[in-house]
Protein chains: 2
Amino acid sequence: MTSLSISDAAAQAGVSAHTLRYYERAGLLDAVAREGSGHRRFGEADLARVEFVSRLRATGMPIRDVRRYVDLVRAGDDTEPERLALLVEHRERVRAHLAEVRRSLERIDAKIDLYRERTRSR
Amino acid sequence: MTSLSISDAAAQAGVSAHTLRYYERAGLLDAVAREGSGHRRFGEADLARVEFVSRLRATGMPIRDVRRYVDLVRAGDDTEPERLALLVEHRERVRAHLAEVRRSLERIDAKIDLYRERTRSR
DNA sequence: CCTTGACTTCGAGCGCGCTCGAAGGCCTAC
DNA sequence: GTAGGCCTTCGAGCGCGCTCGAAGTCAAGG
């Protein structure tokens, strides 16, 4: 069984140690185990959670919704349908957002093309 | 020559009138023409600017970078290469961000599949 | 004339998600 | 034994991008 210090866990997850402590305080992580010194040891389950929370955050899920999700996880197996619904809903929002960004990017592409043409003809 | 009130311009651009005033204050729009009453009239050039600024914002460009862009526009035609560079750079960042969101979404998809399977087998 | 409502300016306030700093504990190496 | 380094808690602070509210002006309709 492996476990990591907060700074190693942070490095692995690509977030800061400050952020990990914040996530724990905010209820996005279960209470992390401690050494005698009080230092956190991130076990595999903690790291998996941190990883998934990071994916939710990277796709723009607000902290409060992430908390709702992990509260469901803690509440036991029969909340799986609810978790599923929550994730599916989130996925739809993300897809819609991606589509909007792509559309906006097309307008920017067009402007880039315009500048390229004008630069070339001078 | 058409022109719109602030509320009509806001509706058309999909932002609030508050936001349009904020954008003008922040230097993202050129000073908008006024009626005798002091009310803004958004002309076609204003609307085109609002539209483009909205696309930059929708793709996550920070206000301060949008301002740098419009400052270049105001500075005249010979800043076009610089504007081009700015937009190209932004486009790369957006593409990288889109790629990361897609990767994160795949992890979420996997979790969704997992829940679906488990739901089915019960 | 009076109300209604859309507008004006200005500065303050807010929600989010960290981010930081102070003050202190503990371990290791020299 | 002391210096260095990594950790702890706690609460405050920050950067961003709006968002709002107060107080006032103006034009149109009844």
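Reader: How do helix 3 of chain A and helix 5 of chain B cross, and within what distance do their axes come?
Author: The axes come within 9 Å and cross at roughly 130°. Axes here are lines fitted to C-alpha atoms, for helices over the stretch in contact, and angles run from 0 to 180 degrees between N-to-C directions. That angle makes helix 3 of chain A oblique to helix 5 of chain B. Angles under 35 degrees count as roughly parallel, over 145 as roughly antiparallel, 65 to 115 as roughly perpendicular, and the rest as oblique.

Reader: What is the model, and what are the cut-offs and numbering?
Author: This is a predicted model: local features need pLDDT of at least 70, side-chain atom pairs count only at pLDDT 80 or more, and totals for chains, interfaces and linings use all residues. Residues are numbered from 1 along each chain as its sequence is written, while chains are lettered from A and ligands numbered from 1 in the order in which they are written.

Reader: Back to that crossing. Left-handed or right-handed?
Author: Helix 3 of chain A and helix 5 of chain B make a left-handed crossing. Left-handed says that the near helix is turned anticlockwise from the far one by less than a right angle; clockwise is right-handed. The helices are DSSP runs (H or I, at least four residues; strands are E, at least two), numbered from the N terminus.

Reader: Which residues meet there?
Author: From helix 3 of chain A, A:Phe52, A:Arg55 and A:Ala58. They meet B:Glu100, B:Val101, B:Ser104, B:Arg107 and B:Ile108 in helix 5 of chain B. Contact is set by C-beta atoms, placed from the backbone, that lie within 7 Å.

Reader: And by class?
Author: Four nonpolar, one polar and three charged residues make up this helix contact. Ala, Val, Leu, Ile, Met, Phe, Trp, Tyr, Cys and Pro count as nonpolar, Asp, Glu, Lys and Arg as charged, and the others, Gly among them, as polar.

Reader: Zoom out. How many residues of chain A are in contact with chain B?
Author: 25 residues of chain A, against 25 residues of chain B. Helix 3 (44–58) and helix 5 (80–120) are the elements of chain A that give two or more residues to its side. Helix 5 gives the most, with 21 residues. By class, the side of chain A has 13 nonpolar, three polar and nine charged residues.

Reader: What superposes chain A on chain B?
Author: A rotation of 180° with 0.0 Å of shift along its axis, at RMSD 0.0 Å. The two copies are thus related as by a two-fold rotation axis.

Reader: Which C-alpha of chain A is nearest the axis?
Author: That of A:Leu98, 3.6 Å from the axis. The same surface serves both copies, as 100% of the contact residues of chain A recur in chain B.

Definitions and conventions:
Contact = placed C-beta atoms within 7 Å. Least-squares fit on C-alpha atoms with pLDDT ≥ 70 in both.
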